[in-house]
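Welcome! Here is a short tour for anyone meeting this structure for the first time. Take a look at the sequence and the fold, then read on.

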Amino acid sequence: MSIAKRETEHLFTLINKIVTISKLENYKLEMNRTEVEPTPIIEKLTEKFKSNVQKPVNFIISLQTKTAYADNDYLGKVISNLIDNAIKYSKESVEINITSEESECYTILKVRDNGLGISEADQKVILQKYERATAAKRSCKNGASGFGLCLNFVDQVIKAHEG
């Protein structure tokens, strides 16, 4: 029952991402952009991931900004996906750096890791829906599972925040 529950929750999450991507692509998703504090969001996510992974994960957090103008829920989802990918595509030990800085118009949040990396040729393809698995198989020996929805979701949300 616990496996069925977990898989049902995973499927529900994927379906919600597909619906959100469709709304983003059709300019029908409304984001509630407000001034949010990234620190509590990041702390909650780092604790969640530390307790749910099978390999050692070290987070290095250096936030130079106290607030960002964003949709609180989508910001959390984007950061969560980037952390999940960092863990998924790293070796036995994972180091994830999360930083922020101010530019003239934006708060810039960066999530960097010690993972396998993506070739420059595959970077554009990887953000397209359903293409990540094919591109990642070319980039790493182990291949990749999934359909590439999450990175497309991240890309679409970032573009919507910019607009």
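In helix 2, the buried residues are Pro38, Ile41, Ile42, Leu45, Thr46 and Phe49. Viewed down the axis of helix 2, these buried residues fall within an arc of 125°, so they line one face of the helix. Please keep in mind that this is a predicted model.

- An α-helix has 3.6 residues a turn, so residues three or four places apart point the same way.
- What do the buried residues of helix 2 pack against? Their partners are strand 1 (33-36), strand 2 (57-63), strand 3 (68-71), helix 3 (72-88), strand 4 (94-102) and strand 5 (107-113).
- Helix 2 covers residues 38-52, and because each of its 15 residues counts for 1.5 Å, it should span 21 Å; the C-alpha atoms at its ends are 21 Å apart, which agrees.

**Ala86 in helix 3**

- Ala86 belongs to helix 3 and has a relative accessible area of 1%, so it is buried.
- Leaving aside residues up to four places away in sequence, Ala86 touches Val94, Ile96 and Asp113.
- Ala86 and Gly115 are 29 residues apart along the chain, while their C-alpha atoms are separated by 6.2 Å.

- Leu11, Ile15 and Val19 make a nonpolar surface patch of about 260 Å².
- Val19 sits in helix 1, which runs over residues 2-25.
- Is Val19 buried or partly exposed? Its relative accessibility is 41%, so Val19 counts as partly exposed.

Notes:
Residues numbered from 1 in each chain as written. Predicted model: local features only at pLDDT ≥ 70, side-chain atom pairs only at ≥ 80, totals over all residues. Heavy atoms only, no water. Patch = residues over 30% accessible without salt bridge, like charges linked within 9 Å, V, L, I, M, F, W, Y side chains within 5 Å. Areas by Shrake-Rupley, 256 points an atom, 1.4 Å probe, with all protein chains shown as cover. Salt bridge = Lys/Arg side-chain N within 4 Å of Asp/Glu carboxyl O. Helix = DSSP H or I, 4+ residues; strand = E, 2+ residues; numbered from the N terminus. Buried < 20%, exposed > 50% of the residue type's maximum accessible area, 1.4 Å probe, protein only. Expected span 1.5 Å × (residues − 1). Arc of directions from axis to C-beta. Contact = heavy atoms within 4.5 Å.
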